Amino acid sequence: METILKISNLHKIFNKHLHAVKNVSFEIKKGNVYGILGPNGSGKSTTLGIVLNVVNKTSGDFEWFGGKVATHDALKKVGAIIERPNFYPYMTAKENLELVCKIKGTAFSKVDEKLELVGLLERKNDKFKTYSLGMKQRLAIASALLNDPEILILDEPTNGLDPQGIRQIRDIIKAIASQGTTILLASHLLDEVEKVCSHVVVLRKGEMLYQGTVHNMIENNSFFELKSKDMVRLKTVLDEQSFVENTIEEDGKLLVYLKQDIAAQDLNSHLFEQNIVLEHLVKRKNSLEEQFLELTKN
């Protein structure tokens with residue numbers, strides 16, 4: 001799979017003491033949706049600023065598209081929104097986007113196509129100043145897509161939006177991704193990353209704590225919720241098993257955390273052989289939120 005962006009040992013120090021990005025390395029592969037997840041001040045925006053050439057790195061390196069083209073030329077294939085949408089308030093959406101087309105050297109025919117994608121085609125002749133915050137954000141996404149970029153970069157795309165606006169932006173991101181565009185978004189919202197992204201990079205205080213698929217981050221910490229008539233015996237038997245990390249009693253059920261993955265059917269059979277009949281067996285996964293809190297608690 002083609003590598004769109006490769007970041008290697010990136011550091012950024014502000015004013016000789018604030019280490020905003022510490023030795024960050026990861027790759028963005030074509031066709032995926034990546035989330036850079038972390039609380040405010042974790043280095044998300046700084047990392048994006050560096051790869052977009054608006055923030056100077058202290059050390060380390062990054063390369064676009066396998067290093068085959070200079071960063072200046074590579075950025076022509078990148079669409080990005082890293083600040084609040086900034087359009088002329090007394091011009092219509094259509095007029096604002098046509099102005100962007102002139103700057104980017106893109107055909108005006110793209111305007112209606114992108115407005116339709118973000119659900120603003122019917123409002124194209126309304127002035128920008130009449131738009132809600134959510135509509136302004138959607139117009140910014142349309143603007144970033146005018147040159148059909150290979151990758152779209154979004155910094156906190158749902159910041160300040162109401163639940164309906166957040167849902168609309170999520171649906172648009174999914175629609176863009178379904179057309180094959182690679183997406184990289186920075187967010188402090190776990191729910192946003194879990195619902196939209198296929199891959200995640202977790203940052204805290206400039207350090208990278210995890211990179212990989214969202215699925216693996218959650219799947220690696222699955223556990224069982226069990227109940228039987230004799231809970232004492234159930235706990236005693238499970239605590240003796242080599243594949244069990246630990247057991248916790250909670251709300252009349254036994255939560256069983258594993259050292260290695262085991263199928264529900266195999267666990268049920270094993271307990272049945274020990275003359276334990278289960279009344280309740282559910283395999284659960286930690287949410288991304290639980291995993292994130294576990295990663296960042298120290």
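Predicted model: local features only at pLDDT ≥ 70, side-chain atom pairs only at ≥ 80, totals over all residues.
Local features need pLDDT of at least 70 and side-chain atom pairs count only at pLDDT 80 or more, while totals for chains, interfaces and linings use all residues. Residues are numbered from 1 along each chain as its sequence is written, and side-chain values use heavy atoms, with hydrogens and water left out.

User: How many helices and strands does the protein chain have?
Analyst: Happy to start there! Helices (H or I, at least four residues) and strands (E, at least two) are DSSP runs, numbered from the N terminus. By that count the protein chain comes to 11 helices and 13 strands.

User: What percentage of the protein chain's 298 residues count as buried?
Analyst: Buried means under 20% relative accessible area, exposed over 50% and partly exposed in between, using a 1.4 Å probe and protein chains only. Of the 298 residues, the share that counts as buried is 46%.

User: Are helices α5 and α6 roughly parallel or roughly antiparallel to each other?
Analyst: Axes are lines fitted to C-alpha atoms, for helices over the stretch in contact, and angles run from 0 to 180 degrees between N-to-C directions. The axes of α5 (residues 133-144) and α6 (residues 163-178) come within 10 Å and cross at roughly 15°. Angles under 35 degrees count as roughly parallel, over 145 as roughly antiparallel, 65 to 115 as roughly perpendicular and the rest as oblique. The two helices are therefore roughly parallel.

User: Which residues of α6 make the contact with α5?
Analyst: Contact means heavy atoms within 4.5 Å. On the α5 side, the residues are Q137, R138 and I141. On the α6 side, they are Q168, I169, I172 and I176.

User: Is L281 buried, partly exposed or exposed?
Analyst: L281 lies in strand β13 (residues 278-285). Leaving aside neighbours within four places in sequence, L281 touches F224, E225, L226, A264 and N268. With a relative accessible area of 27%, L281 is partly exposed.
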